[in-house]
Every structure is written in C-alpha cells, then in structure tokens.
Amino acid sequence: MTIHLPPRTAADRATLANWLRAPYNRWSFQHVREIVPTAVIRKGSGPVLELPETSLRLGEREVSFTSHPDDGGASGSEPLARLLGRTYTDGFLVLRRGRRVFEHYDNGMTPASTHLCMSISKSITATAVGRAIAEGALSPADLVADHVPELRGTGFEGATVRHLLDMRTGTGPMTPEQSRTDMEATLWAPMSRPGVRADLTSYFAGLGNIRPHGGPFQYRSVLTCVLAQVAEHATGTRLPELISREVWQRIGAGSDADICVDGHRNGLADVGVSCTLRDLARLGEAMRRGGGVHSAVNSAVNGASDGAGAIPRAWVTDTLVPDADQRAVFAQHGARYLPVPGGYYRNQWWVAESGPQGAIYMALGIHGQLLLVHEPAEVVVAKFSTWPQGWSTLLAQDTVSACVSLAESLA
C-alpha cells in the first residue's frame, strides 16, 4: 500500500544550515529537538500552578506604542490583534493577578507546544543562579576563577560573579571568526572545516579583555555561558538539572522544558531553553509575586512550611535595586534594547522602571521573545515570535511599549 504524505511547505524544510532563518524558523523554533541535541529540564512530580481563565476580548483593544525617533519610529496606536500580526507572533499570553485574561496562538502553536526562548534563557539561567546564591553555594562577590580554576590567568582573572550577572566584565565582543566557531561548537550550524572544537567551554580561556572588569554594560552572550559554568562548579550540578531543581520544579511548571547541548553535553545557558508559553508566564508570575506562588504549590513543591517563595524574595529585590552607577553604565550601550530612559540591566533581567509603585522589567530574546512583568498593574505578558531578522530595534520598542500600554489599560 502506498502512503501519500501531504506536501511539505518551505517553512518545515528546516535543516541545520537554515533553521535560524526565515521562513524556516517559523517551524523550527517549535521543533528544536528535531534539529539539534537537547537535554530535558524536568518539571518534577509536584503540583502545577493553575492559571484560571477569566477571558477578556482584548484583540480589538487599542494599544499605544512609541519607538525612538533615531530608529525610524513614531508614536501611535493600533488594535492588539494587528500588533501581534505585524510582529510575527506565535503565542501571546496575558496574566492579570495570575489569571489568564488573554491567550492567542498562531502558526500551528498550541498550549502544549514548546518554543525556543533564545536569550530569555539568560534570565532563566540567572534565576537558577539566584537560588544557588540564596542557598550559599556562591556569592555575587566571588571571583570567577575561584570556582573555575581553568580560568585563572586568563581574561577572566579578577572578574566576579556580579560582573557576569550584570555583563560588566572587560571581555571583548566575539570576532566574526569566534562567532562562527561558537555556532559550530554549539552544534547550531554545520561544521565548515575539520578540527573545530565541539564544546562551547573550550575557548573561554582564550577570550581577551578590552577594558578593566566592572566598567560599562556591554551585552555578550558568552558571559551567561561562563556564569553557568561557575554555577555548575559551585553546586556540583549540571545546568539542566540545576534549572529543573531550582526553577522549573518550584514555579509549578506544567510541562518539561528542553535546553540545547553541545557535543560535550554542556547546556547552552544563553539561548538554548525551549518551553511552553504558559510555563514562561508561570516564571513571570513567580517573579511578580516577589518570588512567591500559591501557598499550596509553595509548600508541596518546596517542602517549605513557612511559605518561602518559589524564587528567593531577596533575589527579586536585588534584581530591582540597582547599584549606584547601574543606570549610567547601561545608558552608554543599552538604549537600543529599551524604549524608555533610565532603564538598566541587572541579574540578566532588563529593568525598564523601578520605584515606590513597583517595577516594570522583562526578559528578552532575539526574533521577538518577551517576558514582561508589570508590578503596578499586576500583569505578566509572555510572547513567542519568529521575526524574520534576529534583532529589530523598531519591532522591539513597539512591542515593549505596546505591552506596557496594554498592562496599564488592565490596571
């Protein structure tokens, strides 16, 4: 008997050579484990944090957006549904006080689908590090080389865990050749020549400095990978298990997540996590509650009788209280990431506003990934997307400002 399969579309003909590019990423970002090797981030056997539904008809609600004039943008407004369409949205979820008030899927995505988080992975990794800090396994003041002896005498000599968390080491950006080697070493691209090292940690020691540690903010993904290596050495736990134990099992996740791994099974801490949209929102909700989720989930998942938070409250507070110079050092390099002045980067979260009324902060990833926490409005917004290009300052600023506007309209 002949079996006739439906014709394949251009978007699902993803290969290792093209899976990060449009239109192939519209399929591959939901099927990462079919493209590259991954490890499981287990949700454990504890209870799932329920997200009850109180549906609101938000698709036609007008949301305002403001892009920086230097990026060709302008102020305006449009229905939410139009914004979601023009920003290549695969999934969009709004929580208000922990209830699902709007949930939208497109491009074949469903509540059960996992989607590549890209650099939201940095915030997930750093949050696992935050619990390791709370448990005394390491401190922000620790020297990186004291945890990873292989980095003594290298460019990371004198760098602290705090410098990694806030991306303020003196490490220079990767050259184009190093970036290509990184993609091949992490198995995200075909090997272009023999002899390429098959793990992402093997060239950390060769990264040089362009300034002293502790200077300006400069976004470099490799620093999250070094941070993960420090955490693994300090806790004696591989990154997938560390994220599972310290984050995923504690927030009441509903599904296992995945993390990409290299040829030596090192987790890609900076870009490699895939999860469901609802679990991403659960992380945001745990952060919004200052590290606390429903007490029933809290006690059962954490084994705590005192209602201690799924995420340490001290970690959330530390994220939202900048050092004296944090805004100043961010302003020199960070304007393209946030559409508002006065923001900063701390503990691998982007903080747009922090004050007596509460904070507005987020995790961001290329191709349009977003997790936004709006404390004053008691709102969390999670968004998965597949922009055709890796980064668009215009799309990023429109999306962030529109999501802030939507949250404020719900308050």
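**View 1. The largest pocket of this predicted model holds about 750 Å³ of space.** A pocket here is an open set of points on a 1 Å grid over the protein atoms alone, with protein on both sides within 12 Å along at least five of seven lines. Its volume is the space filled by 1.4 Å probe spheres set on the points, which are joined across faces, edges and corners. This is a predicted model, so to speak of local features takes pLDDT of at least 70, side-chain atom pairs count only at pLDDT 80 or more, and totals for chains, interfaces and linings use all residues. Residues are numbered from 1 along each chain as its sequence is written, and side-chain values use heavy atoms, with hydrogens and water left out.

**View 2. Here is the lining of the largest pocket, 31 residues in all.** Lining residues have an atom within 4 Å of a point. Nearest the centre you'll find Lys122, Tyr219, Ser221, Val271 and Ile366. Helix 6 (176-185) gives the most, three residues; helices (H or I, at least four residues) and strands (E, at least two) are DSSP runs numbered from the N terminus. By class, the lining has 19 nonpolar, seven polar and five charged residues. Ala, Val, Leu, Ile, Met, Phe, Trp, Tyr, Cys and Pro count as nonpolar, Asp, Glu, Lys and Arg as charged, and the others, Gly among them, as polar.

**View 3. Now for the largest cavity, with a volume of about 80 Å³.** In a cavity, the probe fits but cannot get out. Its lining includes Trp387 and Trp391, and helix 13 supplies the largest share, three residues. No charged residue takes part: six are nonpolar and four polar.
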